[in-house]
Amino acid sequence: MPTVSVGRDRLFEALGRTYTEEEFEELCFKFGIELDDVTTEKAIKRKEQHLEDEETSEDEEIIYKIDIPANRYDLLCLEGLVQALRIFNGLDPIPTYKVANISEESMLKMHVKPETSKIRQFVVCAVLRGVTFDEARYNSFIDLQDRLHQNICRRRTLVAIGTHDLDTIQSPFTYEALPPSEINFVPLKQKESFRADKLMEYYREHDLKLKKFLHIIENSPVFPVIYDRNRTLLSLPPIINGAHSAIKLNTRNVFIECTATDLTKANIVLNTMVTMFSAYCERKFEVEPVKVIYPDGKSHICPDLSVYEMDVSLSYINSVVGASLAENQVADLLHKMQLHAKKSVSKDEQVKFIVSVPPTRSDVLHACDVAEDVAIAFGYNEIPKRKLASLKPLPLSQLSDLIRMEVAMAGYTEVLTWILCSKKEIASLLKHGEDNSAVVIADSRTSEFEVVRTRLMPGILKTVGHNKDHPKPIKIFEVGDVVFLDNTKDVGAINRRHLAALYCGANSGFELIHGLVDRIMEVTATPFVTPGNTSGYYIESSDEPELLQGRQARVICRGKHIGNFGIVHPEVLANFDIPDPCSFVELDLEKLL
């Protein structure tokens with residue numbers, strides 16, 4: 001989740017009241033965001049420089065670090081965050097964004113050259129007229145660009161934002177793609193002119209921040225550039241803007257251009273920039289459009305600030321949220337989340353809402369997003385708890401939990417091992433031949449994960465091998481699935497639930513493992529019977545290669561072989577780098593049902 005850092009005092013001033021830390025944390029929780037940390041600017045710098053913490057002085061500005069959802073681009077700046085929280089608290093109405101009503105002849109124009117298709121084929125633009133910046137607003141404007149670049153723009157690979165002082169440049173503009181040797185300009189924060197290819201070399205050596213973006217275009221035969229009517233270079237996207245059109249505190253008219261390889265994301269980025277900062281325009285929430293003309297003669301007027309409408313039924317919202325909400329209540333809750341909801345009735349007389357999604361809410365794509373907003377505004381803690389019909393556990397799950405509890409009470413620690421392993425771990429390392437019942441992973445990237453395990457023993461032994469220096473005795477167990485090939489199943493394989501337990505100490509502990517088997521049979525109400533009797537369980541001699549001859553047995557339960565236990569063979573212990581004697585048991589729990 002992206003983290004937005006905002007000054008506490010400025011945030012509270014914009015919200016219209018002060019909060020205690022606990023009150024603001026609760027407000028964030030209700031809105032679906034999280035107050036991650038409370039710090040200061042100096043503390044952040046000390047942390048970056050790995051210096052020791054110092055006591056915070058009273059004159060240091062308190063910084064709130066707030067985690068926001070990754071798809072809520074409108075919350076990436078103080079302006080959007082404040083607007084959303086004020087509407088959520090019922091202090092402000094939902095703003096209506098509009099495009100200035102001017103003729104196409106009067107619009108600024110951006111001409112796109114055909115060569116741009118070789119590098120970054122799309123561009124969208126807009127103008128903010130009569131903007132009033134102060135230092136805090138200016139910094140927020142720059143910070144929003146950086147956060148969008150890191151988030152939806154995917155480090156400028158998909159979209160790159162350029163902002164310019166419109167009073168220093170003249171329309172029409174051209175978006176071109178030229179060889180680096182033909183591009184010369186003074187880049188932002190520089191005094192001298194650079195040729196584009198030389199500028200790449202300069203940034204590679206002297207600018208760590210811009211160095212990470214050079215790979216996007218440096219190997220291309222042409223670089224994207226934007227010029228004005230006088231051939232003044234505005235920007236070399238996605239690397240740097242020109243110094244000539246740089247934004248300053250006294251800038252009144254801002255020209256915004258977004259070059260991109262993804263037009264949808266470019267429009268989202270442009271809409272986010274203009275809607276957040278149109279609040280500072282002379283005509284609040286009004287944006288001046290720009291006409292973009294492509295080489296094929298087609299033209300587009302942007303930005304598109306139209307409202308998107310979708311139909312969502314009341315029954316669907318209630319089913320997703322898990323509460324019985326009235327029509328008016330749902331409409332009010334959606335209003336808190338910046339969504340207009342107008343009641344309607346479908347042909348089958350089902351109550352539904354026509355939900356109007358503003359350009360700031362690009363995250364609302366489906367009816368389920370609307371239902372999620374209703375749930376957030378209603379409050380997840382307010383949703384009534386109910387027991388689902390499917391909540392009753394399966395018999396196998398109940399048995400597994402019972403076995404886990406009993407084995408743990410016998411002093412064993414539960415482990416969880418990989419369900420994938422190598423072929424040799426279920427075969428040669430256990431003194432077995434190749435296991436033809438194992439499910440093989442196609443095109444395995446590593447020799448450690450070649451097959452799905454057919455027994456729990458390799459994982460248990462590997463755990464002990466990696467922890468052989470642990471104080472003895474080691475008593476561990478696992479209840480987990482193993483998988484076998486089975487042509488009778490539609491997926492070609494079957495899962496079986498197994499129990500495995502191991503004792504490792506100064507002596508083998510064979511009698512302890514034997515006692516554990518007896519305890520498991522006791523808690524599952526399986527009596528010990530004489531051999532051949534199918535009403536209970538008994539043990540008989542076995543001949544498994546991974547266990548020591550004469551010190552092993554198979555367990556027969558109700559006439560079925562359900563597993564084996566015994567002392568682990570010394571060769572197997574050596575294969576897993578275990579120096580101490582061990583006893584082991586593995587049972588098929590499904591045969592106990």
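In this predicted model, Glu-22 and Phe-29 are exposed on one side of helix H2. The buried residues of this helix, which spans residues 21-31, are Phe-24, Leu-27, Cys-28 and Phe-31. Viewed along the axis of H2, these buried residues fall within an arc of 100 degrees, so they line one face of the helix. Just after H2, Gly-32 adopts a positive phi of about 95 degrees.

Turning to charged pairs, the structure holds 35 salt bridges. In one of them, Lys-343 pairs with Glu-327, with the closest N and O atoms 2.7 Å apart. Lys-343 sits in strand S18 (residues 340-345) and Glu-327 in helix H10 (residues 327-336), so this pair ties together parts 16 residues apart in sequence. Lys-343 is partly exposed at 47% relative accessibility, and Glu-327 is likewise partly exposed, at 25%.

Helix H12 (residues 395-409) contains Glu-406, which is buried because its relative accessible area, 14%, is under the 20% cut-off. Beyond its neighbours within four places in sequence, Glu-406 is in contact with Arg-519 and Val-523.

Another salt bridge joins Arg-496 to Glu-590 (3.5 Å, N to O). Here Arg-496 belongs to strand S24 (residues 493-504), while Glu-590 lies in the segment after strand S28 (582-588), 94 residues apart. Finally, salt bridges with shared partners join Arg-72, Asp-74, Arg-361, Asp-363 and Asp-373 into one network.

Methods
Residues are numbered from 1 along each chain as its sequence is written. This is a predicted model: local features need pLDDT of at least 70, side-chain atom pairs count only at pLDDT 80 or more; totals for chains, interfaces and linings use all residues. Side-chain values use heavy atoms; hydrogens and water are left out. Helices (H or I, at least four residues) and strands (E, at least two) are DSSP runs, numbered from the N terminus. Buried means under 20% relative accessible area, exposed over 50%, partly exposed in between (1.4 Å probe, protein chains only). Contact means heavy atoms within 4.5 Å. The arc is that of the directions from the helix axis to the C-beta atoms. A salt bridge is a side-chain nitrogen of Lys or Arg within 4 Å of a carboxyl oxygen of Asp or Glu.
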